[in-house]
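Open your viewer and keep the selection tool at hand. The stops follow below.

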Amino acid sequence: MDDDGLVVALHGEIDHDVKDLLSMSLLSEDGTTTTRIMAALGDVTFMDSSGINAFVTVHRRANAAQGRLRIAGAQEPVVRLLHMVGIDEITDCHPLVEQGLNA
């Protein structure tokens, strides 16, 4: 990832209790975003609709800034959720973090 990119490694459960922290981690204080963002989900064990909504918001803001959000390294239960709600159709999802970094 080049200099204008942000890689955020997430851990644990992404739910209502951490949705604001997730958004703050991916967006700047003024609500804007860097051009390129990658969320590394290898250590995320659970995600609910709060996490999905946060990723959709970040995706939209990144696109508005002519950038993109990438998701990589998710465990199978999270991959199923991403696929079920169609996140993998609006943003790049990679099985390995290294693939996301090199895409």
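Is Asp 92 buried, partly exposed or exposed? Select Asp 92: at 33% relative accessibility, this residue counts as partly exposed. The scale runs from buried (under 20% relative accessible area) to exposed (over 50%), with partly exposed in between, using a 1.4 Å probe and protein chains only.

The model is predicted: local features need pLDDT of at least 70, side-chain atom pairs count only at pLDDT 80 or more, and totals for chains, interfaces and linings use all residues. Residues are numbered from 1 along each chain as its sequence is written, and side-chain values use heavy atoms, leaving out hydrogens and water.

Asp 92 lies in strand E4 (residues 92-94) and Arg 68 in strand E3 (residues 68-72), so the pair ties together parts 24 residues apart in sequence. Strands are DSSP runs of E, at least two residues; helices are runs of H or I, at least four; both are numbered from the N terminus. Arg 68 is partly exposed, at 29%.

A salt bridge here means a side-chain nitrogen of Lys or Arg within 4 Å of a carboxyl oxygen of Asp or Glu. The whole structure has 2.

Next, select Lys 19 and Asp 20. Their salt bridge has its closest N and O atoms 3.3 Å apart. Asp 20 is exposed at 51%; Lys 19 is partly exposed at 25%.

Move to His 59 in helix H2 (residues 49-64). His 59 is buried, at 10%. Show its contacts (heavy atoms within 4.5 Å). Not counting residues up to four places away in sequence, His 59 touches Leu 69, Ile 90 and Thr 91.
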